Structures are given as C-alpha cells and as structure tokens.
Amino acid sequence: MNFECRDLGKVFQTRNGSIPALGDIKFHARDKEFICIVGPSGCGKTTLLKLIAGLLNPTTGQIFFSQDLQDGISRSALVFQEHGLFPWMTVLDNVAFGLEMRGKGKKERWDLARPFIEKVGLKAFVNNYPHELSMGMRQRVGIARAFVSNSQILLMDEPFGSLDAQTKLILQEELLKIWREDQKCVIYVTHDIEEALFLGDRVLVMTARPGHIREEIPISFNRPRDLSTKELPDFIKMKGHIWKILKEEVRKSRG
Amino acid sequence: MKKNHRFFGFIREGWLTVLIIFLFLIVWELGVFIDWLSSLFFPPPSVIIATFNKLILNQKLLDHTGITLWRVFLGLILGGVPGLILGLILGWSPRLYRLINPFVAATHPIPKIAILPLIMIIFGIGESSKVFVIALTAFFPLLINTAAGVQQISQIHFEVAKNYGANLTKIFTRVIFPGSLPLILTGLRLSLNLALLVSIAVELVSAQKGLGAMIWLAWQTLRTEELYVSLIMTALLGILFNYFLQRVAVYLVPWKSEQRI
C-alpha cells in the first residue's frame, strides 16, 4: 500500500494558546518503501506518525491511502519507543493482540503469532511477561506484534532509541531481515542519522517546529546492508550533510 | 559464617516468631498461676483455649462468626461491586470524574458508623440498616482505588489498543480492567478490612448476633474468657482475609512480581 501526505499540518490547542507542531508536510510513501525521518527534537516527528496512524486528526491537509480499510485490519501498526507492550499480557498475548482485536480465536491467533516470536528469537519466552525481558527483547516483541498484525504500513517511533549500541545494531539487522521477507511500507522516526542511512530507502530531514520536510535524500546502498555499509565514502558524506542541516535547524529553533 | 547463615534461615522460616509467642503464653499462664496477673482480666491461655473449644463444640462461636461473615460478604457485594464499576467508569472518563469527584470527596471522610443512627431512622433497626452501613463502608475504598488504578494506566496503552482497532469493550476488558487490577486489589483489601471493622462496630451497638454482639455480651456479663475468644476469632478473620487476598493477587497479577497488597 502506498500513501500520500498532502499539506499536512497540526496545531495543538493548549491553555497557553495554540502551538503549531507540524506545517505543510508533503511526501509520497511508495509501497514496500523504507522511509526514515530525522529531525531536531520536538519537531513533530511523533505527531506525524500519530497522524498517519489515525490517532490524531490533522488540523489542515489530508492523507490519501491507496487502499480502503479492509476486514478490520488496521492500515498501520505502531511500534513505540518503550512501554508499548501491555505489562499484563504474556509475550504471546502481546504479539497476538492485533489478531485478537480482529476477532480471531485463541488457537488461531496463537498459531499465527508463534512463528513471528520464533523469528525474533524469543521462542523460549512466549509465556513470560514483559518485565521479565530485557529492553532489547521487549522491542523485538513490539516488532513481532506489528508484523503479525498484517497491517501494510509500519510506523516506528524511535524503537531502538533506548538501547545500547550493540543491541541496537543487532536489532537493526534483524529488522531489515524481517522486512525483506515481509515487505511493508515502513515509516521510521529516529534522531540517529547513521541509523536512518543504514535502514532507509529514503531519508526525510525535517525542520525545527513547526516541522516540515526540508530535504529528501534517496539512499541507494545495496541490500542486505551490514557494518561495512557504514564505512562507504557516500555513507560518510551523507551523514555529514544531514548533520549540517540538523545543526542549522537546531540553531534556528534556539533563535 | 555458616552458622550465621543458618540462623537467618531460621528467622525466615518464622520459627522464631512461633517460639516468642509460645514463650509469651507460658509466661502469661505462669503469671496467673502465681497470682501475679489477675485471672479476671487475664484469664490464662489454657482457660481461653478450653472456652474456645467449648464454644466451637456448642456451635455458638461458629454461629456468631457466620453471621458476621455474612454481613461482611453482603456489604462487600452490595457496596463493593457498585464501587468497582463506578470507579472503572470515573477513571476512564475525566469529565465524569470531575463531575462526581466533589461528591465523593465530601461524603467519603464521614465515619460510616456515625451515620448508623440516621440510617436506622430511615431503614428501621433491622438487618437492612446494618448491611447498608457496611456496604457504604465497602463502597468508597474500591471506588477511589479503582478510579486511581485506571488513571495511572499509561496513555500509550490506550493508543496501542486504538491503533490495533480495539473497540470499547476490548479497551475495558484488555486495557482498563487488567491495567487497574493491582490497585483494585488494594481497594478490595481496604474495603474488606473496613467492612469487618464496621460490622463489628455495628454489632457492638445494635445486634443480638454476630462477633460484635458476642464481644459486647461477654463484657456485660464479665465473661472475660469469652471476650478473648471472640477477639481472637475477629483477629483470625482479619488475618484470613488478608492471606486470601495475597494469594489471589499472586494469581491474578503475575505481571507485577513486586505486587504487595
């Protein structure tokens, strides 16, 4: 499924007046495309994801999806940075949650969820609760849940933001592997430029608040990517380029 | 080092507590025996145990206990269940909470036992006024804790549920209820303990039967050993309630391993 954001804007009404969070977001996400969004903190990245997810309504503009809703499958599945799992459900029930909401019976949804739990390497933990898992394992559960739900758009909000460097690298590679087997349109928000370049087909760089898209950078490194990708001269050049933009934006936001 | 370790293991198993209680009882018994303690105020443990035994055999103790338990149970159902349901709704809807909370805040601090006379004027001196006061007691802790339990559920959980297409029923059964369960159990414990307390108090002032009535009758007739027996029975009920609830909590809230209610 592909979709298009047209002139998307969001203004939050608060007690101290209105705060424009997003202004004029324009982009087209192609089917099976991996899009990374980087931007200075507070630029409205999370708001953009929530708009696409339908958790918030845009103040201006619209989002056009290429397919209508079908059969209760939500268009998009969100993966949160942390606390996205239900602490009162086991790994199995967490992963099967999307299927449960679609009215699938216990046996059917468990049978569908188990292979994905195995795929993210948590076979031994199906009946554990999230508090018994490490942060990295919890994020794996979140990813499995999003893939099981069969939504065609995956929205990820800094999913690996709170992980240590090694775990992060491993999970990035695992995410790419799962995504190659089951290609969905992914919108991946991060503040980590290297991560964006490593994962994405395209990187959208956002401005300071109210955020809009300042630059679109196509990424064409061969897949599968690994550590050596990060040492390519083009990779390092792009990283420097995005750094420069973000620095400017951060300065601007400080006025 | 090794010895030290074993000593602490000994404490952990609770044997030390048992030993201390046992020593205390022996000192008590001997104290009465050598006339150091008055047997009118402090009947020796052997007499209390004998009385306990007698009152169990002639059904009297069990009858009174059963009536108190029944009142606690009725009060908990009639007051606690509405408290739970209203708590879930108020916790879920900030607007309703703002609307109703002032009334809760105003009525909650009134000691329920103090309005018993008023309730008896309205409902008569029969069973219903007693149960009403107990129910009112059980209502508030469950209401307040359940509402707080729902309010502390992270917004993210609601967003996840919504994102995966949960309807209102599913949000209640899969997010709101399990998410607030730890605090619901805290509310239940408070409701149960207060219901027992108020049952005894109500029975002290206006009942022919029940543990409270038994305590009062024993005092009026100066049968101190029966007084002790009914007090021990009341304490046992309280201990039993808390033990039972702890077991229930471990079973119902396995995801909060640190859960202590």
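**Two chains of a predicted model**

Tutor: We may begin with Ile236(A), which is partly exposed because 13 other C-beta atoms lie within 10 Å. The coordinates come from a predicted model.

Student: Why does a count of 13 make Ile236(A) partly exposed?

Tutor: A residue counts as exposed at 12 or fewer such atoms and as buried at 20 or more, with partly exposed in between. Ile236(A) has 13, and is therefore partly exposed.

Student: Which helix does Ile236(A) lie in?

Tutor: Ile236(A) belongs to helix α8 of chain A, residues 233-254.

Student: In which sense do β3 and β7 of chain A pair, parallel or antiparallel?

Tutor: Strand β3 (residues 34-38) and strand β7 (residues 185-189) of chain A pair in the parallel sense, over 4 bridges. Within this pair, Ile35(A) stands opposite Ile187(A) of β7(A).

Student: How many residues does each chain bring to the contact between A and B?

Tutor: Chain A gives 19 residues and chain B gives 16 residues. On the side of chain A, β5 (76-79) and α3 (97-101) each supply at least two residues.

Student: Now chain B. At what angle do α3 and α11 cross?

Tutor: The axes of α3 (residues 45-57) and α11 (residues 224-252) of chain B cross at roughly 70° and come within 9 Å. α3(B) and α11(B) are therefore roughly perpendicular to each other.

Student: Which residues make that contact?

Tutor: From α3(B), they are Val47(B), Ile48(B), Thr51(B), Phe52(B) and Leu55(B); from α11(B), they are Glu225(B), Glu226(B), Tyr228(B) and Val229(B). By class, this contact of α3(B) with α11(B) has 6 nonpolar, 1 polar and 2 charged residues.

Student: Finally, what does the domain assignment of chain B give?

Tutor: The assignment gives domain 1 (2-37) and domain 2 (47-252). The C-alpha centres of domain 1 and domain 2 of chain B are 34 Å apart.

Conventions: Residues are numbered from 1 along each chain as its sequence is written. Chains are lettered from A and ligands numbered from 1 in the order in which they are written. This is a predicted model: local features need pLDDT of at least 70, side-chain atom pairs count only at pLDDT 80 or more; totals for chains, interfaces and linings use all residues. Two residues are in contact if their C-beta atoms, placed from the backbone, lie within 7 Å. Axes are lines fitted to C-alpha atoms, for helices over the stretch in contact, and angles run from 0 to 180 degrees between N-to-C directions. Angles under 35 degrees count as roughly parallel, over 145 as roughly antiparallel, 65 to 115 as roughly perpendicular and the rest as oblique. Ala, Val, Leu, Ile, Met, Phe, Trp, Tyr, Cys and Pro count as nonpolar, Asp, Glu, Lys and Arg as charged, and the others, Gly among them, as polar. Domain bounds come from an automatic or database domain assignment. Two strands pair if DSSP finds at least two bridges between them.
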